[in-house]
Amino acid sequence: MCGIVGYIGHREAYPIIIKGLQRLEYRGYDSAGIALYDGTNIKLSKTKGKVSDLKEKIENEISTKGTLGIGHTRWATHGVPNDVNSHPHTSNSGDLVIIHNGIIENYDSLKQELIKRGYTFQSDTDTEVLINLIEDVKKNENLKLGKAVQVALNQVVGAYAIAVFDKNKPNEIVVAKLGSPLAIGVGDDEFFIASDASPFIEYTKNAIYLEDEEMAIIRRGKDIKVRKIQNDNLVDPYVQKLQLNLEQIEKGGYEHFMLKEIYEQPSAILDTFRGRLLSNEAIIKMVGVEDNMKKFLAADRIIIVACGTSWHAGLVAEYIFEDLARIPVEVEYASEFRYRNPVITEKDVVIAISQSGETADTLAAIKLAKSKGAFVFGVCNVVGSTIARETNAGAYTHAGPEIGVASTKAFTTQITVLTLIALRLARAKGTMSSSEFRQHLIELEMIPAKVEEALKSDAYVKTIADIYKDSKNFLYLGRGFNFPVALEGALKLKEISYIHAEGYPAAEMKHGPIALIDEQMPVVVIATKKGHYEKVVSNIQEIKSRKGRIIGIVTKGDTSVKELADYVIEVPETLECLTPLLTTIPLQLLSYHIAVMLNKNVDQPRNLAKSVTVE
Ligand code: F6R
């Protein structure tokens with residue numbers, strides 16, 4: 001769970017690498033480092049801290065000259081975050097340099113072998129073991145760098161995206177991938193290497209995404225050679241044309257990526273159903289669903305696997321699929337599913353939801369489901385990501401890059417895609433009349449404008465944030481479609497403000513959490529019209545009589561909750577199953593403003609990373 005960047009070509013490597021690392025900080029930000037080849041020597045600088053700390057250090061410490069370099073932003077797995085454990089790592093001779101995203105599981109036994117052969121280690125990392133293994137193989141078997149990397153990787157158990165160079169052959173970089181992403185940007189007599197395409201988007205739109213178990217030898221003035229790691233088979237690399245543009249990955253005037261991404265939701269939702277939802281013709285067109293309609297219709301049940309916010313989107317989908325399409329749905333944490341010997345058959349459809357498309361547990365759950373013969377459908381945001389490629393079919397959320405670690409627009413676009421699928425299946429199964437179906441399409445089409453309207457509460461939400469920012473705990477309650485929104489609201493607050501928060505189905509409150517309620521406890525209650533409204537109002541009364549502080553998320557024009565609550569935030573009216581797309585907005589804004597007021601690092605909360613590629 002780290003970010004890697006590399007460059008070889010005719011430009012100065014340093015500015016490309018440092019900017020690239022800043023764009024990849026969502027992948028990890030506890031330490032960073034760069035190695036540059038200046039024409040005679042390797043210049044290395046690394047530090048605990050963020051890429052901005054590295055930038056300051058490097059510019060005081062070493063010459064940044066050189067047209068070949070590699071850089072790394074780390075999220076520690078082996079060894080605490082400190083200068084020594086930061087990447088890049090060099091081999092004992094000082095000739096070879098490596099950056100690595102992933103985990104070498106058998107590093108300890110390899111390390112013991114290398115120690116017996118006289119190698120010494122500065123760091124606690126698995127990566128330093130790998131670079132010395134490569135050196136050992138290279139020396140003992142008198143191999144070229146590419147071959148040595150290949151032989152060494154065949155002794156390794158684990159996951160990696162690596163880039164290696166040899167100071168004695170400074171015209172080439174060797175890269176390899178298994179389990180962690182690796183993109184190669186192909187320019188004019190220059191090549192870029194990165195965990196995703198964002199570091200090189202302004203230089204080239206041509207990218208090769210390495211597949212698992214592939215490696216590439218990248219040489220200036222030569223074609224890239226891609227081959228299988230396990231054997232010597234050459235692979236014809238597929239050069240993709242990237243759709244990404246620079247504005248999409250910059251802040252565009254917002255103070256934080258998270259806020260920008262919250263505000264992007266109207267367009268992200270629109271982009272997600274554009275070309276799929278055709279309300280005039282009363283149809284939904286989704287190639288991945290259409291092509292596999294038989295599988296969906298024959299399914300005994302749908303199992304949704306995901307983690308974190310994506311799991312919450314899965315819970316919303318459970319309500320929607322069951323309500324509209326009458327298909328039984330089970331929602332599983334991918335991390336539990338993969339380890340508990342679940343019953344899966346060929347008659348199951350598994351839907352895997354992942355913004356990054358790289359989450360290790362979700363990926364493992366997919367592999368397990370496929371091995372049992374289930375049909376696996378992916379809902380991913382990152383195009384070409386591992387999960388997008390590993391699933392049998394899928395539908396992208398077209399949210400654009402999500403850089404803020406706390407997921408916002410990914411959540412609402414995931415719900416959008418899942419709603420489209422549920423509606424399409426409902427139509428195919430005949431569980432909805434054509435007029436109901438049409439009404440849902442029309443309502444869904446109005447959601448971007450309604451999200452826009454919900455965003456207008458921003459300034460008011462900020463005043464509420466100011467009132468409650470010093471609370472030690474928060475409770476979030478919701479029922480039905482909005483129960484998962486309560487979970488998501490609590491998660492958002494926890495992860496960026498570090499305030500303890502819990503989400504509950506409103507009716508469960510009386511089975512325990514009600515004991516927590518006193519005048520210090522803010523309770524955020526989602527109480528939109530329809531959806532057991534009266535029952536939620538009763539829950540609010542129960543909170544009120546115990547002096548809890550009530551923040552109601554209500555339908556525009558509501559009067560009953562207004563009478564009881566300390567504050568109410570209105571969202572426009574819509575169909576019940578679509579309310580999560582609106583009620584989520586004030587909860588995202590509330591956590592954002594509280595975190596900013598508490599001076600927290602909103603885009604890069606402590607201990608978290610955007611893409612969790614370790615178990
Ligand atoms: C929360 C958050 C995480 C992710 C989770 C899954 O804001 O971002 O909980 O939702 O790590 O990540 P993906 O969706 O990339 O599989």
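Which residues lie nearest the centre of the second largest cavity? Of the 12 residues that line this cavity, Cys2, Thr77, His87, Gly102 and Asp126 lie nearest its centre, and the elements that give two or more residues to the lining are strand 6 (96–104) and helix 4 (126–140). A cavity here is a set of points, on a 1 Å grid over the protein atoms alone, where a 1.4 Å probe fits but cannot get out, and lining residues have an atom within 4 Å of a point.

This is a predicted model, in which local features need pLDDT of at least 70 and side-chain atom pairs count only at pLDDT 80 or more, while totals for chains, interfaces and linings use all residues. Residues are numbered from 1 along each chain as its sequence is written, and side-chain values use heavy atoms, without hydrogens and water.

The search of the whole structure finds three cavities of 30 Å³ or more, and two of them are set out below, with each volume taken as the space filled by probe spheres set on the points.

| Cavity | Volume | Lining |
|---|---|---|
| Largest cavity | about 80 Å³ | 13 residues |
| Second largest cavity | about 60 Å³ | 12 residues |

Strand 25 (residues 522–527) is largely enclosed by the rest of the structure, because six of its six residues are buried (under 20% relative accessible area, with a 1.4 Å probe and protein chains only). Strands are DSSP runs of E with at least two residues, numbered from the N terminus. Pro522, Val524 and Ile526 point one way from strand 25, whereas Val523, Val525 and Ala527 point the other way.

Technical notes
Buried means under 20% relative accessible area, exposed over 50%, partly exposed in between (1.4 Å probe, protein chains only). Helices (H or I, at least four residues) and strands (E, at least two) are DSSP runs, numbered from the N terminus. On a 1 Å grid over the protein atoms alone, a cavity is a set of points where a 1.4 Å probe fits but cannot get out, and a pocket is an open set with protein on both sides within 12 Å along at least five of seven lines; lining residues have an atom within 4 Å of a point.
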